[in-house]
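I opened a new page for this one. These are my notes, in the order I looked things up.

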Amino acid sequence: MMNVDTADATKAVQSGEPEQRLERRVTGWIGKAVRVEGKVIGTEDLTIEGGVNGSIELGDHSLTIGLGAGIKADLLARIVVINGAVTGNVQATERVDLRATGSVDGNISAPRLRLATGALVHGKIECGSFGEK
């Protein structure tokens, strides 16, 4: 029995068309040696171990800031997990998880916040449910 990926690749080779494969990543990744300047917009979960200067918007997806990452950006995602240093405002539509090695120099806004012992925040924190008035 031939699987679908092999069958599609075989058809492409026989027809002379370039092989097209579906992307199977579950999350995007910016490595330690990468620095991004500007606006990062994504439609998948993202882990950053390098640096970003600008803004990061992931909509209904998760953002993880790795240990040693240097972020100078405003963050917007469904879930934000911070292990490294963030300078900028952090907004999550579900929760922010600030780990013991994490720090935020800016404001945090989320319905739920988990703040580990050792985590640092220099800014205003707004959490809880905010209904329309």
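This is a predicted model: local features need pLDDT of at least 70, side-chain atom pairs count only at pLDDT 80 or more; totals for chains, interfaces and linings use all residues.

**Starting with a glutamate**

I began at Glu57, which is partly exposed because its relative accessibility is 30%. My cut-offs are these: buried is under 20% relative accessible area, exposed is over 50%, and partly exposed lies in between (1.4 Å probe, protein chains only). Residues are numbered from 1 along each chain as its sequence is written, and side-chain values use heavy atoms, with hydrogens and water left out.

Next I looked up the partner of Glu57. Glu57 makes a salt bridge with Lys39, and their closest N and O atoms are 3.6 Å apart. Glu57 sits in strand S4 and Lys39 in strand S2 (residues 35-41), so this pair ties together parts that are 18 residues apart in sequence. Lys39 has 54% relative accessibility, so I put it down as exposed. For a salt bridge I need a side-chain nitrogen of Lys or Arg within 4 Å of a carboxyl oxygen of Asp or Glu. Helices (H or I, at least four residues) and strands (E, at least two) are DSSP runs, numbered from the N terminus.

**The whole chain**

I stepped back for an overview. I find 1 helix and 13 strands in the protein. Of the 133 residues, 34% are buried. The protein exposes about 8,500 Å², with carbon and sulfur atoms supplying 52% of it; these areas come from the Shrake-Rupley method with a 1.4 Å probe, and for residues only the protein chains shown count as cover.

I checked contacts too, meaning heavy atoms within 4.5 Å. Among contacts between residues at least 6 apart in sequence, 1% join residues at least 24 apart.

Asp97 is buried, since its relative accessible area is 7%. Asp97 meets Arg99 in a salt bridge of 3.0 Å, N to O, and Asp97 also forms one with Arg114, where the closest N and O atoms are 2.9 Å apart.

**Strands side by side**

I call two strands paired if DSSP finds at least two bridges between them. Strand S1 (residues 27-30) pairs with S3 in the parallel sense over 4 bridges, and Thr27 has Asp45 in S3 as its bridge partner. S3 and S5 are parallel as well, over 3 bridges; there Thr47 is partnered by Thr64 in S5.

Asp45 is in strand S3, and at 25% relative accessibility it counts as partly exposed. The C-alpha atoms of Asp45 and Leu58 are 7.3 Å apart, although 13 residues separate them along the chain.

Ser62 in strand S5 is buried, because its relative accessibility is 15%. Setting aside neighbours within four places in sequence, Ser62 contacts Asp45, Leu46, Arg78 and Ile79.

**Into the core**

Which residues have the most contacts inside the largest nonpolar core? They are Ile48, Ile56, Leu63, Ile65, Ile71, Leu75 and Val90, in a core of 25 residues. Strands giving two or more residues to this core include S3 (45-48), S6 (70-82) and S10 (108-110). The largest share, 6 residues, is from S6. By nonpolar core I mean a set of buried Ala, Val, Leu, Ile, Met, Phe, Trp, Tyr and Cys residues joined through side-chain atoms within 4.5 Å.

I followed Ile65: beyond four places in sequence, Ile65 touches Ile48, Ile71, Leu75, Val81, Ile82, Asn83, Gly84 and Val86.

My last stop was Ala110 in strand S10, which is buried because it has 2% relative accessibility. Not counting residues up to four places away, Ala110 touches Ala92, Arg95, Val96, Glu126, Cys127 and Gly128.
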